[in-house]
Amino acid sequence: MSRFWFVLIFCASILFSTAFVPYQDGELSKSMARGKEVYTELCVTCHLVDGKGMEGAFPPLAGSDFLMKNPQKAIHAIKFGLEGEITVNGQTYNNVMPAPGLNNQEVADVMNYILNSWGNKGKLVSLKSVEAVKE
Amino acid sequence: MKFAPHFVWTFVLLGSLLCTNRSLAQQTIQSEKLAFTLDTIDTDIKVPWGLAFLPNGDILITDKAGELRVIRNDKVLSEPVKGVPKVYTRGQGGLFDLELHPNYEKNGWLYISYAAVADKKGEEGGMTYIMRAKLKDNTLVEQQILFKGYPFTTGGNHFGARMEFDKQGFLYFSIGERGEKEKAQSLETCNGKVYRIHDDGTIPKDNPFVNTPGAVKAAYSYGHRNPQGLALNPTTGEMWETEHGPMGGDELNIISKGKNYGWPKISYGINYDGTVLTKDTVMAGIEQPIMFWRPSIATSNLVFVTSDKYPEWKGNIIVCSLKFKNIERLELEDGKVVHKEKLLEGLGRIRTVAQGQDGYLYVAAEGKKLVRIIPAGK
């Protein structure tokens, strides 16, 4: 009988721990939540809700090699805008993204959102690392 | 001597490269009804928004980032116009449209729309304002703010801000719903309306809501999402409007006095997250668009072609698309769009289109370009 309880508690604890793992990283998830709001306000019309963008016009963020390999460039693009030719997942894009006029904390938040959504997995972007990116 | 052939080849190669570049710039584009070339004026303006053509041949152009620039003899003057108000640049905010008074040659009034920065206690963010001023010694003088939109919000969306005079000399302008869609249905806030005022900012006595308690008296129509296009139909005298809808619901409307255009009660589009916004596309007492775009083209401005330079296009509408980086030429019959042609594919996110004093159509694209459409052989 005691074995039964042991197994039950063991299973329950595994269930609970997996349920809470994604929320242990409080800083990241809070920043992502704020970032999602910024994304929904200013980014979604072009990059779309699934981060897939529009082929040939607006580069994808989901599974984007450009974003995941060069977060610094992405921070620069969000702070100061981006124009000219870039290659994302083998496809060239030549467009203008105007600077969305965010403060540095919002840049960090939206970076954390796009680096960790739609299957992307990135490191936490801090306010300091955003401040360090100059034009 | 041994190398001579190399030199020759280099010259031939260089020569042919130059020729190709030249012919690209001068390439004749054969469209359905008109063959034309594009004259490109290179600007250093990342996001152009509004254009005005002065009687002396100068072109005024706004840079969303907050500068007013002068183009003289196809060159952008390095010195921006001084005295431009400070603008709120979050998201879509910034310096917007330009419009000359119908009697500009006599009175010199230049109208400017912009996202004003909150400066009162308890207010934050930006909101659309309309001002007029005169241009003297490259400076805006005699500035008067004619309309102050409210309430302010930190949101960076949907400022509207296009302006156009009608035949009677009324100034129409638009303000988007600023990301607060329910307010487009309220007459008590400035969100989501098209306005009509006198040239000096006073309210016309016959505006539709002047006797409605609590209403914004300058309002002329309501229920708009983000109208960024206004153009006078030269044949009928009606004010035509384009507005950004949600995903798949951009609209072309004729603005009628006191009418409700439905946002967000009815729409042909859906939310950007794919969820349904409203199941209704039609409702009693609400105007229907002349046409809608699905998918959305992200329509900014529109213009009616009246110029003799384009007899083949006369009476057509040119609409610009931010999303598909092209323009659409719409043919009309009895107030309906009967044919559509897409042109200038890939020019860049096109923010505005206008007809200059010289009769040519000008198209301003993001990415530092202003192009003039020149009919071939003319």
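Okay, let's start in chain B, where strand 12, residues 171-175, and strand 13 run antiparallel and are joined by 5 bridges. Before I go on, a reminder that this is a predicted model.

So, who sits across from whom? L171(B) stands opposite I197(B) in strand 13 of chain B. I175(B) has K193(B) of strand 13 of chain B as its bridge partner. Now the other neighbour: strand 14 of chain B, residues 219-222, is antiparallel to strand 13 of chain B too, with 3 bridges between them. In that pairing, V194(B) faces S221(B) of strand 14 of chain B.

Zoom out a bit and you get an open sheet of 4 strands in chain B, ordered 11-12-13-14, with antiparallel pairing. Strand 11, residues 163-165, and strand 14 of chain B are the edges, each pairing on one side only. Ignoring direction, neighbouring strands in this sheet are turned by 20° against each other on average.

How many of its residues are buried? 5 of 5, for residues 193-197. And both faces are covered: on one side you have K193(B), Y195(B) and I197(B), and on the other V194(B) and R196(B), all buried. Note that a lysine and an arginine are on that list.

Chain A has 135 residues, and 31% of them count as buried. If you take the contacts in chain A with a separation of 6 or more, 58% come from residues 24 or more positions apart.

How far does the predictor trust chain A? The mean pLDDT is 87, with 82% of the residues at 70 or more.

Next, the helix packing. Helix 2 of chain A, residues 26-47, and helix 5 of chain A have axes that come within 7 Å and cross at roughly 95°. Angles from 65 to 115 degrees count as roughly perpendicular, and therefore helix 2 and helix 5 of chain A are roughly perpendicular to each other. On the helix 2 side of chain A, the residues involved include L28(A), M32(A), V38(A) and Y39(A), and the helix 5 side of chain A includes A108(A), V110(A), Y113(A) and I114(A). By class, the residues of this contact between helix 2 and helix 5 of chain A split into 9 nonpolar, 3 polar and 4 charged.

Helix 5 of chain A also turns up with helix 4. In helix 4 of chain A, residues 71-80, the buried residues are A74(A), I75(A), A77(A), I78(A) and K79(A). What do they pack against? Helix 3, strand 1, strand 2, helix 5 and helix 6 of chain A. Just after helix 4 of chain A comes G81(A), with a positive phi of about 85°.

Last bit: the contact between the chains. Chain B puts in 20 residues and chain A 13. On the chain B side, that's 2 nonpolar, 10 polar and 8 charged residues.

Technical notes: Residues are numbered from 1 along each chain as its sequence is written. Chains are lettered from A and ligands numbered from 1 in the order in which they are written. This is a predicted model: local features need pLDDT of at least 70, side-chain atom pairs count only at pLDDT 80 or more; totals for chains, interfaces and linings use all residues. Two residues are in contact if their C-beta atoms, placed from the backbone, lie within 7 Å. Ala, Val, Leu, Ile, Met, Phe, Trp, Tyr, Cys and Pro count as nonpolar, Asp, Glu, Lys and Arg as charged, and the others, Gly among them, as polar. pLDDT is the predictor's confidence in each residue, from 0 to 100. A residue is buried if 20 or more other C-beta atoms lie within 10 Å of its own, exposed if 12 or fewer, and partly exposed in between; C-beta atoms are placed from the backbone. Helices (H or I, at least four residues) and strands (E, at least two) are DSSP runs, numbered from the N terminus. Axes are lines fitted to C-alpha atoms, for helices over the stretch in contact, and angles run from 0 to 180 degrees between N-to-C directions. Angles under 35 degrees count as roughly parallel, over 145 as roughly antiparallel, 65 to 115 as roughly perpendicular and the rest as oblique. Two strands pair if DSSP finds at least two bridges between them.
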